[in-house]
Amino acid sequence: MIDTILKETFGYERFREGQREVIEDVLKGYDVFAMLPTGSGKSLCYILPGYVLDGLVLIVSPLLSLMEDQVQQIRMLGEKKVAALNSFLTPQEKDDVLNSIRFLRFLFVSPEMLQNNLLINRLSMLKLSLFVIDEAHCISQWGHEFRPDYLKLAQIREAVGKPPCLALTATANPKVRQDILNYLDFKDDRQHIYSVDRKNISLFVDKLANVEEKIKRTIKIISSQPSPGIIYCSTRDWTERLANQIRMKTDLHVAYYHGGLSSDDRLAIQYQFLNDQLDIICCTNAFGMGINKPNVRLVLHFHYPKHMNAYIQEIGRAGRDGLPSAAVTLYTDEDDLLPQALIEKEYPDQPMLLRILNRMEATGAKAGTKGCFSIMMEEGASETAARFLTYQLTKVFPEEHKSEELFSKIDQTIKLRKQKKISELYEVKRWLATTDCRREAYLNSFQEKLSDKVPCCCDACGCLLDDFVKVDPVIKETQRIGWQVRLRKLLGLDKIDHE
Amino acid sequence: MSFTAYFFLTLIHHFKGERSISGIYHLLKGKKSAQTIQDSVLFNVQPFFQSLEVITRQDLNKMCNECEQSNLIQSVGDGHFRLTLSGLAYMNEAGEHFQLPSGLAYFHHSSTAKRFWKRLKLTVQTMSNLIRDEGRFLPVTNDKEPLEWTKRFLKKAKLDRQELAAQLLNELQNSLQTRPNIEADIFVLQLSGYKQTGLTLMQASELLNIDYYEAAVLMTSCLRAVSQEINDGKDNYPLLSRFLEKSDSKGLTASTHKTLTFIKKGLTIQQIAQYRRLKESTIEDHLVEIAMYMEDFDINTFVSREVYHRVKTVLEQQSIKRLKPIRDIAGSDISYFQIRLVMAKESVGKHD
Ligand SMILES: [Zn+2]
């Protein structure tokens, strides 16, 4: 039966690796943990059951940009009974969704929204067929986007009638996996673990003397490599600078993408990329989540990511069609400074922590209030740091009232967190510096073994970037044609060149 | 010399050092505050209101510094600037190469034009796909209003797809023909359709090889002028005139919205203030905001026709820049609140 649905609703002939096994267990009503590599069609594992099971499929999704894409993806199937609830909606829009909830087949929610009693109330009156946690690695203490709201997921699941649960992720080492199972209170569960290895992606790392060299090298690589390609930078500013350099020095179609653009502009750039109107996109890590473009040939890291997990996620956007693709990381010694500084900024330092606690005591400001938050900001805490501190004060140590005790406890936590992040950063640096097989090295960090040798594996195994031959560009020209012609092409039935 | 610098100097000239760079910033952004609206009328710069929404503070400050260093403007303290003599000469000379795009003058279509554009982008994309039997595509915006509107528009349309597309094409061609080619180019380059995503404004400016901010001003001009053209000849534009349909009260802040519901129930300003435990002046601010946001909001309850015309006549005498002298001339029976309401109405459209 699921084969018929696959064909009729989704237009696919065959399941991809892992999908059938996961879906069958979901349909049997087990709690399922599934780790499927990026680009393997994870979302099908909950969308398809939505057409078999009776009731609402609730999907907890950690990232807003991802949520919008997921909703769009389902709408593209012709499905209208889908909606998303997140803090970016206006009160009116939230009401609209809440009022139409019983007509929905799929509902996406952000973890914060699940703290909303009205929503829980509405949900508890409905029949939920499936409780999905997408990007489940986020709910682990060891995960990277960890938010306190995740800790209550099991409780919430209970409150809405304890429907079967499906936890999905692309990357989770054994420690993270165990954490997820604990938080979700999985009992009689089924686990499906597939390798994070993407065999059709060849890995390259290149160390350069300075930034100028790095820019030169980037331009040389994208000029000779097949496109389309994604270039990851660590700051918004760099995406713009690099895109400008590329525009000046090549005739490639290039655009930049980051969270500072308006939402319509972000969509436009994203669709241009999907439509093969761009060769290269320079972006921050805001780009890519949920984007399913099969023919990305190159992922280039102009700055290296903060941890191996992010690396795997990001290179996983290449070669989803199974064809040979390249992942290139370029780095210089200077690149080490920025990520360290970013980690420091995520937490208050000792004097700042002391100042904040003293002021709170003096003014009687209660943690969790707006006033207390502004005290933290006034003392120089970044927003992330202030949020971290608020969480520690309200959720972790709510009973502790002595300033000195509080200080030493929180300080201890900060030390541990920083240590963890820095050790992850070192893991990336070690990986960059390794002279052994890079694939084996990254699989090791996920406690996996390399099963069989890949033909064009990595630079350490003797694979050369030059083996990738540039083919004719796929790009459709945006030539300078007059507006009248362009308008007729859009709305007239004049035969269009690519028809 | 760039268009943007010319644009900036023109504004400095109009404000004559009486408003700060911040004031200019809010004017270009189209900040919906009583102060900004008031300024735009007082200094006769309504065409500039919301004419460059994409400007950043950083860029504006940069431009200001550059002009100051080239001795085109000089500080008169506290973020206020005036043109120097050489600045004035420079501006006049530049005025021979540049001119303000003519469409800016239709500033009362400012909010209509934005609404028009969002709906149009989506409808063109949808039609372009539908006539090729493509029902699955990713809409160019996630904004609810245009999505809902376009859905309703297509449902209500009496023509079949092909006829509808042909009619839309025809009306678009006719309306864009009234504009300079450069404006029409910028406009059309941003439209998406079947297997083709439109450019962002930034990309369009690069392709056409003009400054980004110039492109943005030209786009504003084009949208306002096209809105005006359609509005003037509704019979010639049976489809496009529907794209101008008024929006409801969405867009007001929650608190202002509350005031509006009370007003609709017939409560007086005093009653609302008492009930909501707010100052009367706050409620008055809300009403000024409503008056400029909702084109069909009737201010007759607060300002009689006779008073309206008296204030308007005084406003048209450009020399007056402050509320007090306006009141002195128009008559002390008129309140400042009434003057502000008239200004709000005058800034968004005509009222008689
Ligand atoms: Zn290798």
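Q: How much area do domain 1 and domain 2 of chain B bury between them?
A: About 1,000 Å², with 56% of it on carbon and sulfur atoms. Buried area here is the accessible area (1.4 Å probe) that two parts lose on being put together, summed over both. This is a predicted model, so local features need pLDDT of at least 70 and side-chain atom pairs count only at pLDDT 80 or more, while totals for chains, interfaces and linings use all residues. Residues are numbered from 1 along each chain as its sequence is written, chains are lettered from A and ligands numbered from 1 in the order in which they are written, and side-chain values use heavy atoms, with hydrogens and water left out.

Q: Which residues of domain 1 lose the most area there?
A: In domain 1 of chain B, the residues that lose the most area to domain 2 of chain B are B:Phe3, B:Gln50 and B:Val54, together 41% of what that side buries.

Q: And where are the domain bounds in chain B?
A: Domain 1 of chain B covers 3-100, domain 2 covers 108-244 and domain 3 covers 254-348. Those bounds come from an automatic or database domain assignment. The C-alpha centres of domain 1 and domain 2 of chain B lie 30 Å apart.

Q: Which salt bridge crosses between those two domains?
A: The rule finds one across the interface of domain 1 and domain 2 of chain B. B:Lys114 pairs with B:Glu53, the closest N and O atoms being 3.2 Å apart. The rule asks for a side-chain nitrogen of Lys or Arg within 4 Å of a carboxyl oxygen of Asp or Glu.

Q: OK, switching to the two chains. How many residues are in contact?
A: 43 residues of chain B are in contact with 39 residues of chain A, where contact means heavy atoms within 4.5 Å. Chain B and chain A bury about 3,800 Å² between them, 55% of it on carbon and sulfur atoms.

Q: How many salt bridges between the chains?
A: Three between chain B and chain A. One of the salt bridges joins A:Arg247 and B:Glu206 (3.4 Å, N to O). There are also 17 residue pairs in polar contact across the interface of chain B and chain A, both residues at pLDDT 80 or more. A polar contact is a pair of N or O atoms within 3.5 Å; within protein, one must be able to donate a hydrogen and the other to accept it, and residues adjacent in sequence count only if both atoms are side-chain atoms.

Q: Which element of chain B gives the largest share of that side?
A: α8(B), with eight residues on the side of chain B that touches chain A. Helices (H or I, at least four residues) and strands (E, at least two) are DSSP runs, numbered from the N terminus.

Q: What about A:Asp264 and B:Lys121, buried or exposed?
A: Both A:Asp264 and B:Lys121 are buried, meaning under 20% relative accessible area, with exposed over 50% and partly exposed in between (1.4 Å probe, protein chains only). A:Asp264 forms a salt bridge with B:Lys121, the closest N and O atoms being 3.4 Å apart. The pair crosses between chains, from helix α11 (residues 263-274) of chain A to helix α6 of chain B.

Q: Now inside chain A: what does A:Arg157 pair with?
A: A:Arg157 meets A:Asp31 in a salt bridge (2.7 Å, N to O). A:Arg157 is in helix α7 (residues 153-159) and A:Asp31 in strand β1 (residues 31-35) of chain A, so the pair ties together parts that are 126 residues apart in sequence. A:Arg157 is buried at 4% relative accessible area, and A:Asp31 counts as buried at 10%.

Q: And A:Arg438, what are its polar partners?
A: The side chains of A:Arg438 and A:Asp459 are joined by a polar contact of 2.7 Å. A polar atom of the A:Arg438 side chain also lies 2.8 Å from the backbone oxygen of A:Trp431. A:Arg438 lies in helix α18 (residues 438-445) of chain A and counts as buried at 5% relative accessibility.

Q: Last one: how far apart are B:Glu306 and B:Arg310 in their helix?
A: They are four residues apart in helix α15 (residues 305-315) of chain B, so B:Glu306 and B:Arg310 are separated by about one helical turn. They form a salt bridge, with the closest N and O atoms 2.9 Å apart. B:Glu306 is partly exposed at 47% relative accessibility, and B:Arg310 is partly exposed at 26%.
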